[in-house]
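Dear colleague,

I am handing over the structure we spoke about, and my notes on it follow below. Please read them with the model open beside you.

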Amino acid sequence: MNLKEWIKTLTFYEILLGMKATLSHLLKYKPITLQYPHEKKPLPSNYRGMLALLRYDDGTEKCVGCDLCEAACPSRVIRVVSAEVPEEPAKRYSKEYYMDMTRCLFCGLCVKACPVDALGMTQEFEWAVYDKRQLHLNKQQLLAIGDRNFPVREKRLEFQHPNVAYFNVGFKDIPQKEA
Amino acid sequence: METGIRLALTLGQIGAVMVAVLLTVALLTLLERKVLGWMQDRMGPMEVGPYGVLQPVADGLKLFFKEDIIPAGANKFMFSMAPILSLVPALIGFAVIPFGPDWTVDVGGVDFKPFVITDINIGVLYILAFASIGAYGIILGGWSSNSKYSLLGGLRSAAQLISYELNVGLSIVGVLLLSSSLSLVTITSAQAGGFWNWYVFGGGAFPQVIAFVVFIISSVAETNRTPFDLPEAESELVAGFFTEYSGMRFAFFFLAEYGNMILVSCVSTVLFFGGWHAPLEILQGPESLHWLTGMFWFTFKVYGFLFLFFWLRATLPRLRYDQLMRFGWKVLLPIALGNIVITSIWAYIFP
């Protein structure tokens, strides 16, 4: 060690430098803490939160019971029991719809797969529960999540026959109505 | 009659000091978390009460109602004794600390010193002796828990306390040479009349600033605080010697740690920073107000040292075990010995 290093060691130069750093943080106190339950971080608009089933603006369910979400799901979260609408043999709907959210990894593939945009991802994430069975959601619960997160509902398109499931292919491909 | 008055006065004094110390401990638990948080750009406890000020109350209640577990295979007697063995020495040291001016009041024919519980002429020795007994509590607590982590924590602490107690003792010797007394009251009154008379600045004799640095480093090690918190290293030993403790027994160890912190702060205030004396004679105020300014300056200095403890904890990482031992034996010990030699020679040449 040369003289300079000796002096630095004897005067605790490095330690004092560190203590100066901590003291400056104490004096210029600017916490980066977010008091979580009281204040929340704004989520990005494409946040993939809790899944939900959606309705049209007239209150009818969008889901046509096609099972594509079940096929697309990599974690086998979704189970759909499809059935014909009584007295409307051409139309199908999901009689039962279950989601086991304990397995869901929020990849969003089911939402992408849905041909009628019946599934949506909400901004909800505070779903900690004491009983795992509460995360096994049925259709009513999923619809309720959709109702409380998507108050503005999509219009049922007018040219769509009520008995025909409308398979959408993105908005730009929808034939535009004349004004 | 005289014995009765003496007993009542002393018991009252002990009660007052105990309450003050325990309240300080409660305050320190909050203060430490707050200061540490502020230094690390966090907020510290914020939930209990406004800005988390009731956190010590919540912690105390939690510890009080927690289940008291004695691990299977533990030595029950030793397991119960260890927290008491470490708490009592931490609190008993305050008996000789002078908190204010050395007044003697006559109460019903009894000479009563209101600001020191007992002014024995071996005060420093008494504190050192009880600090050594505190090590037994830690070692026994580690051994009797029947847990590997506890045992390792206890062993580490045994080696650490032995190494660093030596340095504490040797760094004090310079002050004892200058004041030629072991009584803390006499040492304090020898430092009256301005900050240049404090032993850390010498007051004509050899300045004890090196001894003070050695003393502060060693007392951080003695109280098992960061950067010398090897006996309770969280990342290595879970919690060290009190891993298996819970409830009130854990609270006893906790109180002992913070009590020791306050005690070494008090001791370094008295030995090196003039005890209750103000830095300038003017700041001490008139003679009749010495009790107030004395208590104020004493508390101020003690809290300054406690802040230093928090500050060090926020800044420094933990030492490795071999670094700790090398630093204690090969650096601090020769410095402390050299300080004794130089102080004695200086005192001999310039009496």
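Please keep in mind throughout that this is a predicted model. Chain A is built from five helices and five strands, and along its sequence these elements follow the order α-α-β-α-β-β-α-β-β-α. Of the 179 residues in chain A, 15% count as buried. Where contacts within chain A join residues at least 6 apart in sequence, 71% of them link residues that are at least 24 apart.

The domain assignment divides chain A into domain 1, covering 1-30, and domain 2, covering 51-168, and the C-alpha centres of these two domains of chain A are 61 Å apart.

If residues up to four places away in sequence are left out, B:Phe272 touches B:Val175, B:Trp198, B:Tyr199, B:Val200, B:Gln208 and B:Phe212.

The contact between the two chains involves 13 residues of chain A and ten residues of chain B. On the side of chain B that touches chain A, the elements giving two or more residues are helix H1 (2-39) and helix H10 (290-315) of chain B, and H10(B) gives the most, with three residues. Sorted by class, that side of chain B comprises seven nonpolar residues, one polar residue and two charged residues.

Helix H1 of chain B deserves a separate paragraph. H1(B) has 38 residues and reaches 53 Å from its first C-alpha to its last, which is close to the 56 Å expected at 1.5 Å a residue. Among the buried residues of H1(B) are B:Val21, B:Val25, B:Leu28, B:Val35 and B:Trp38, and the charged residues B:Glu32 and B:Lys34 are also on that list. Which elements do the buried residues of H1(B) pack against? They pack against helix H2 (13-27) of chain A, and, within chain B, against helix H2 (55-65), helix H3 (76-92), H9 and H10. Just after H1(B), B:Asp41 takes a positive phi of about 60°.

With kind regards

Notes:
Residues are numbered from 1 along each chain as its sequence is written. Chains are lettered from A and ligands numbered from 1 in the order in which they are written. This is a predicted model: local features need pLDDT of at least 70, side-chain atom pairs count only at pLDDT 80 or more; totals for chains, interfaces and linings use all residues. Domain bounds come from an automatic or database domain assignment. Two residues are in contact if their C-beta atoms, placed from the backbone, lie within 7 Å. Helices (H or I, at least four residues) and strands (E, at least two) are DSSP runs, numbered from the N terminus. A residue is buried if 20 or more other C-beta atoms lie within 10 Å of its own, exposed if 12 or fewer, and partly exposed in between; C-beta atoms are placed from the backbone. The expected span of a helix is 1.5 Å times one less than its number of residues.
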